[in-house]
Amino acid sequence: LNPDEVTDRAFELRWMPEFDVQPQSTLVTFDDGQDIYAQLMLVPPRDTALAPASREVIFVIDTSGSMAGASMDQARAALRAGLGALGPDDRFNLIQFNNVTETLFADPVTATPDALREAQRWVQDLDADGGTDMAPALRRALDTRSSGTKGRDLLRQVVFITDGAVGNERELLLEVADRLGDSRLFTVSIGSAPNGGFMRKAAELGRGHHTHIGRPEDVGRTMADLWSHIRLPAISDLCIDWGSEAEYYPELLPDLYAGQPLWVVARLREQPDLVSLCGTLNDQAWVHDAWPRLEDGSDMLATLWAQKKVESLQEGMLFGADTDRARQEIVQVALAHDLLTPWTSLVAVDHTPARPDGEGLARANVPSLLPAGSAASATFPATATGWKAQLLLSVLVLGITTALFLRPFAPLPRLPVRSLAQWLRRKPQPVRS
């Protein structure tokens with residue numbers, strides 16, 4: 001990175017490992033003297049080494065009032081792209097919800113041209129209005145399946161698109177845990193302030209992935225990546241044998257899809273000689289051994305593990321874990337690894353003096369670095385109240401304050417606003433004590 005680069009804007013760093021025809025893995029460890037911390041990265045094969053799966057895809061779209069405007073536009077665009085990514089052997093259905101739940105077809109249907117045209121018209125007519133009752137839509141998506149043998153041997157995927165504005169996270173997560181079965185849940189959060197924690201946890205429980213779309217211009221690229229990935233399953237039913245007692249996260253291992261590596265962090269009692277993995281690849285049993293790299297990892301591995309541990313304890317509280325016990329364990333882990341949590345804070349103490357004793361102080365103006373696109377010459381902040389209204393309000397408040405200060409003995413009658421100026425101009429009257 002250029003050290004002279006002006007940091008007046010946010011940036012997003014995207015990177016991908018190199019993909020090969022076979023799954024690849026990397027294992028690094030760190031020994032802090034008490035425990036061994038490890039990070040395992042598992043990379044699926046490249047796209048061309050995988051065969052598309054026949055799927056049953058259930059699209060679920062939030063049409064509550066909170067989705068009005070740009071969020072609804074992004075959601076429609078995401079659905080249109082998803083329908084366009086369906087293959088001729090796939091089956092699908094669409095569900096919309098606000099305070100009521102509506103399904104396009106009674107049963108999932110084959111992705112024929114006629115069915116897709118009907119679905120595209122249905123998507124175009126979606127409108128955001130009403131409250132948010134997510135649970136019935138989630139139950140219907142996870143429970144409703146193709147009748148008879150039509151859906152047999154199909155990879156079942158539920159894609160849930162919402163701004164995440166819910167308050168009953170625990171109830172919804174329990175629904176996912178109870179009803180998931182052989183489905184996989186993929187969550188797509190829309191807008192600048194979704195409930196990201198709930199969306200990520202729902203996808204984790206659903207053994208899928210979470211995708212966030214923050215800007216309208218990101219819809220096409222982000223959703224194209226998602227649709228191309230989930231149609232190419234790589235490794236399913238993943239299992240890991242660490243060789244000894246291990247505490248690792250995520251605890252529920254997701255399926256791997258094309259272009260989506262998996263990172264797992266663990267704490268072990270002893271250095272592993274190797275880590276064995278197993279699963280299903282292209283409908284065949286798959287086994288793989290990962291050996292630790294010769295160079296050791298850094299203490300950042302311990303921090304990463306501790307962060308995941310704290311997240312797991314906080315999520316456990318949603319599912320009824322003992323609050324006091326979980327809080328006590330969170331504090332213990334956070335203090336040991338210098339983490340900021342709702343119950344711990346960080347205090348910075350500088351032990352290195354920046355100015356030698358006896359040296360005088362200097363004063364200078366330090367210019368502020370405004371975000372890119374800000375008007376440096378702006379007199380008033382860009383708020384909902386215009387500068388003219390602010391100026392008029394300031395003059396009015398100053399006038400009233402001055403009048404009350406200069407005329408402490410004059411009573412302030414209850415007059416309409418239009419006579420305030422006349423009252424300020426009138427002469428003071430004597431007041432009997």
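These legends describe close-up views of a predicted model.

**View 1. A disulfide joins Cys239 to Cys278.** A disulfide is a covalent bond between the sulfur atoms of two cysteines. A search of the whole structure finds 1 disulfide. Here the S to S distance is 1.5 Å. The bond links distant parts of the chain, 39 residues apart. Cys239 lies in strand S10 (residues 233–241), and Cys278 lies in strand S14 (residues 275–281). The torsion about the S-S bond is about -60°, so the disulfide is left-handed. Cys239 is partly exposed, at 29% relative accessibility. Cys278 is partly exposed too, at 26%.

**View 2. Arg156 and Glu56 meet in a buried salt bridge.** The N to O distance is 2.8 Å. The pair links distant parts of the chain, 100 residues apart. Arg156 sits in strand S7 (residues 155–162), and Glu56 sits in strand S3 (residues 55–62). Arg156 has a relative accessible area of 3%, so Arg156 counts as buried. Glu56 is buried as well, with 3%.

**View 3. Arg139 forms a salt bridge with Glu175.** Their closest N and O atoms are 2.7 Å apart. Arg139 belongs to helix H3 (residues 134–143), and Glu175 belongs to helix H4 (residues 169–179). The two residues are 36 residues apart in the chain. Arg139 is partly exposed, at 26%, whereas Glu175 is buried, at 11%. Both belong to a network of salt bridges that includes Asp143 and Arg179.

**View 4. Arg9 forms a salt bridge with Asp8.** Their closest N and O atoms are 3.0 Å apart. Arg9 is exposed, at 59% relative accessible area. Asp8 is buried, at 17%. A search of the whole structure finds 19 salt bridges.

Note on methods:
Residues are numbered from 1 along each chain as its sequence is written. This is a predicted model: local features need pLDDT of at least 70, side-chain atom pairs count only at pLDDT 80 or more; totals for chains, interfaces and linings use all residues. Side-chain values use heavy atoms; hydrogens and water are left out. A disulfide is a pair of cysteine sulfur atoms within 2.5 Å. Helices (H or I, at least four residues) and strands (E, at least two) are DSSP runs, numbered from the N terminus. Buried means under 20% relative accessible area, exposed over 50%, partly exposed in between (1.4 Å probe, protein chains only). A salt bridge is a side-chain nitrogen of Lys or Arg within 4 Å of a carboxyl oxygen of Asp or Glu.
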